[in-house]
Amino acid sequence: MELKLSTNIIKDNKELDKEWDTIIIGGGPAGYSAGLYCGRYKLKTLIITKDIGGLLNETDIIDDYPAVENITGPELARRFKSHADKYNVSTLLETVTRIEKKDDENFIVYTSTGKEFISKVVIIATGSQRKRLGVPGENLKGVSYCAECDAPLFKDKIVGVIGGGNSAFHDAEVLAQHAKEVYIIHRRDEFKADPVYIEELKNNEKIKFILNKVVSEIKGHEKVEEVTLQDTKTNEKTTLKLDGLFIAIGLTPLSEIVKDLNVNTDPAGHIIVNDCSKTNVKGLLAAGDVTNQICNLRQIVTAAAQGTTAALSAFLYIKTKKW
Amino acid sequence: MAEEKIFSEEDIKSLKDMFDKSLKDTVEIDLYLDYEKNKETSEFAKRLSEELIKLTDKIKFNYYDTKDSKVLEDMNSKKLLIDKYGNRKGPIFVFKKYYGAIYYGIPSGEEFPIFLEDIIHISNNNFDIDGATAKKLDSINKNIDIYVFVTPTCPYCPYMTHNSHQFAMVKSNIRGIMIESYEFPEFSEHYKVYGVPHITIVDENSDTLTEWEGMLPEPEMFADRIREAIEQKVK
């Protein structure tokens, strides 16, 4: 049994100032990297986030962040935060409900408990969340988007994972530690997941693959009991009895918060930024999964890099007033 | 063969440092152990407590074996026997000074830092509650239990355990009960826990006032949910 020794969630309840140089929205790798660099640039910086780490929290072992081998997602999140803390970056555990332009040089940021802050620069680092499937029955109990959280609840049960990428394979691997059988249900006959992952899971006797099928309906009374599978080639429908269903079909950017600011976004909702993380709105920067950068590669290291460029842009803008 | 230690040498050093720096008054914890229904976890809970007390003299554990009828009477009078479904009685951790901050099951994985923070708060007699939340909690006068169903790997669950325990420490009519779903499967099944954190708020008759799945990090909004649920019930 593992015991973690440290946490990030304890607040100090000190009264926060109203005015800031930079407010960063989101506490994942992009947000805390931006925070770290803003702190080093001596910008008075507040991070407002509903959790520490964002999607990092839902990752078991991370082994693709350079120079940090085999670390858990929550532990890496703790390190991101504690590094920014060192440079006097404040964190408020709340949700931002609205951002508006106060005047040509300032934004007002509103939070879920009615707090209001004024900031010269706002950095959007809200990240992304798992896409919903959009089929009947998705709101039933037993449909989950976090295998890390819920896998222990399915001990000796039969579960399904929808998706064919790394997230789906990660979920299946975590679930196989508890469940009796795990079905990976994928709409194609080949996977996007890394070959190393595919190889590993093909050798796991608890994991079975259902290819060329989509889930068209989730059925059950109080919880998931079965799903309807539709063949993507023949349209033939079959059913599969399941106790739980985990959805890992990709990510959707959390950019809703900027919709009133006339920020340019791509058709999928990613905020369009340039190489320096600037949006088309003066004083508004964005970094990480919520943006259209970098080469469509949404990794911790790319999010961290973008957070860093956003911090530099914030520093230069505050200093020169040039956008 | 000697049992493997729970804490590594490195853990021991950082825990000792933490306790030396942070603990003021002694914190007493009642630990109820059910060797019949939860043998493995009760044994682990006992070992955990024994390793902790070696690191500081500011933490004390009182052990109770739940097969003793007098212990059961005592637990009954303190309304600690809440798992009527699987009839599991331990391991349960209860802070002697704050009977409302309770761990049903081992505070393992992501929950352990919250257990440590609880100890530090109680030892220093200060709590992590802001003014706005305190005001809202002050208006809750009914006896309620907040069940926080968790798993050890859930990174969002500690936010809810932490807030419910802080509520319990400042308001004696509120109990915050973390329930390790894995160790209390029948209890979790009764409340249809298929995703965590799962919050169920019950009144003194164990009637459910409200329940939801998911994290609510703002304590003020958590307090609002409780107030709304009580008001709905009164209507």
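# Exercises on a two-chain predicted model

An open sheet of eight strands in chain B has the order S2-S1-S3-S4-S6-S5-S7-S8, with mixed pairing. Strands and helices are DSSP runs numbered from the N terminus, with at least two residues (E) for a strand and at least four (H or I) for a helix; two strands pair if DSSP finds at least two bridges between them.

The model is predicted: local features need pLDDT of at least 70, side-chain atom pairs count only at pLDDT 80 or more, and totals for chains, interfaces and linings use all residues. Residues are numbered from 1 along each chain as its sequence is written, while chains are lettered from A and ligands numbered from 1 in the order in which they are written.

## Exercise 1. The sheet of chain B

Solution. 
1. Axes here are lines fitted to C-alpha atoms, for helices over the stretch in contact, and angles between N-to-C directions run from 0 to 180 degrees.
2. B:Tyr104 has B:Ile179 in S6(B) as its bridge partner.

## Exercise 2. A parallel sheet in chain A

Task: give the strand order of the five-stranded open sheet in chain A and locate its edges.

Solution. 
1. The order is S10-S17-S11-S12-S13 (chain A), with parallel pairing.
2. S10 (143-144) and S13 (207-210) of chain A each have a single partner strand, so each has one side without a neighbour in the sheet.
3. Two bridges pair S10(A) with S17 (residues 244-247) of chain A in the parallel sense; A:Ser144 stands opposite A:Phe246 in S17(A).
4. Helix H4 (residues 166-176) of chain A lies across S11 (158-162), S12 (181-185), S13 and S17 of chain A and runs at about 170 degrees to S11(A).

## Exercise 3. Cores and chain contacts

Task: identify the residues with the most contacts inside the largest nonpolar core, then describe where chain A touches chain B.

Solution. 
1. A nonpolar core is a set of buried Ala, Val, Leu, Ile, Met, Phe, Trp, Tyr and Cys residues joined through C-beta atoms within 7 Å. A residue is buried if 20 or more other C-beta atoms lie within 10 Å of its own, exposed if 12 or fewer, and partly exposed in between, with C-beta atoms placed from the backbone.
2. The largest core has 97 residues, and those with the most contacts inside it are A:Val161, A:Leu175, A:Leu245, B:Val148 and B:Ile179.
3. A second, separate core has 50 residues, including A:Val122 and A:Ala310.
4. Between the chains, 31 residues of chain A are in contact (C-beta atoms, placed from the backbone, within 7 Å) with 36 residues of chain B.
5. Helix H3 (residues 147-150) of chain A gives the most to the side of chain A that touches chain B, with three residues.

## Exercise 4. Backbone exceptions

Task: locate two cis peptide bonds in chain B and two residues with positive phi in chain A.

Solution. 
1. B:Gly90 and B:Pro91 are joined by a cis peptide bond with omega about 0 degrees. B:Pro91 lies in the loop between H3 (69-77) and S3 (92-95) of chain B.
2. The bond between B:Val196 and B:Pro197 is cis, with omega about -5 degrees.
3. A:Asn88, not a glycine, has a positive phi of about 60 degrees and counts as exposed, with 11 C-beta neighbours inside 10 Å.
4. A:Asp156, not a glycine, has a positive phi of about 60 degrees and is exposed, with 9 other C-beta atoms within 10 Å.

Definitions and conventions:
Two residues are in contact if their C-beta atoms, placed from the backbone, lie within 7 Å.
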